[in-house]
Amino acid sequence: MANSKETPEQVVTHEQMTKDINPQILKAIQELDSLKGTNVIQRAFKVKSKEIKKGNQKMDENKNPLFNQDGSPQMWADRYTLQTTSEDGKIDIKVTEEQFAQIDVGQWYMGVGHVEIYTPYEGMPKEIIKYDDFQKLFGVQA
């Protein structure tokens with residue numbers, strides 16, 4: 001039987017490795033490399049529906065309702081949510097009131113945002129995505 005020994009791998013330069021790659025793929029790889037280390041999130045999705053969740057009345061530590069000086073109840077801010085779908089599933093996205101007003105149901109968007117660390121009261125920190133901008137994608141079939 002022949003003794004099979006592996007030969008050391010040949011050292012390949014970056015130039016040799018990339019000469020046969022499609023220029024568009026190479027450009028995408030280079031752009032991805034430039035994004036590494038940044039805090040940028042991009043996600044394409046279709047808006048299925050929009051929902052406003054009315055804020056509840058604020059309570060004190062003893063679960064008693066809080067009121068303003070004029071006697072009106074203190075309320076938490078309303079929450080604005082988009083129900084979206086894409087190839088990677090369905091996701092609910094919380095947005096600002098201004099973003100909510102500008103986004104159309106049934107349209108495709110590119111959401112551009114960043115990751116923030118959120119620490120709930122007496123909870124473990126977790127990462128959440130905050131979207132800063134929504135760009136309508138034209139030419140995409142619904």
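## Pairing strands

Two strands pair if DSSP finds at least two bridges between them. Strands themselves are DSSP runs (E, at least two residues), numbered from the N terminus. By that rule, β4, which covers residues 108-118, pairs with β5 in the antiparallel sense over ten bridges. Opposite Phe 134 in β5 stands Gly 111.

A word on what you are looking at: the model is predicted, so local features need pLDDT of at least 70 and side-chain atom pairs count only at pLDDT 80 or more, while totals for chains, interfaces and linings use all residues. Residues are numbered from 1 along each chain as its sequence is written, and side-chain values use heavy atoms, leaving out hydrogens and water.

## The whole sheet

Let's step back to the sheet. Its five strands run in the order β3-β2-β1-β4-β5, forming an open sheet with antiparallel pairing. The edges belong to β3 (89-95) and β5 (126-136); each has a single partner strand, so one side of each is left without a neighbour in the sheet.

## A look at Arg 43

Is Arg 43 buried or exposed? Arg 43 sits in strand β1, residues 41-53, and counts as buried because its relative accessibility is 9% (buried means under 20% relative accessible area, exposed over 50%, partly exposed in between, with a 1.4 Å probe and protein chains only).

The side chain of Arg 43 makes polar contacts with two others: that of Ser 86 at 3.0 Å and that of Thr 84 at 3.4 Å. A polar contact here is a pair of N or O atoms within 3.5 Å; within protein, one must be able to donate a hydrogen and the other to accept it, and residues adjacent in sequence count only if both atoms are side-chain atoms.

Terms used. Helices (H or I, at least four residues) and strands (E, at least two) are DSSP runs, numbered from the N terminus.
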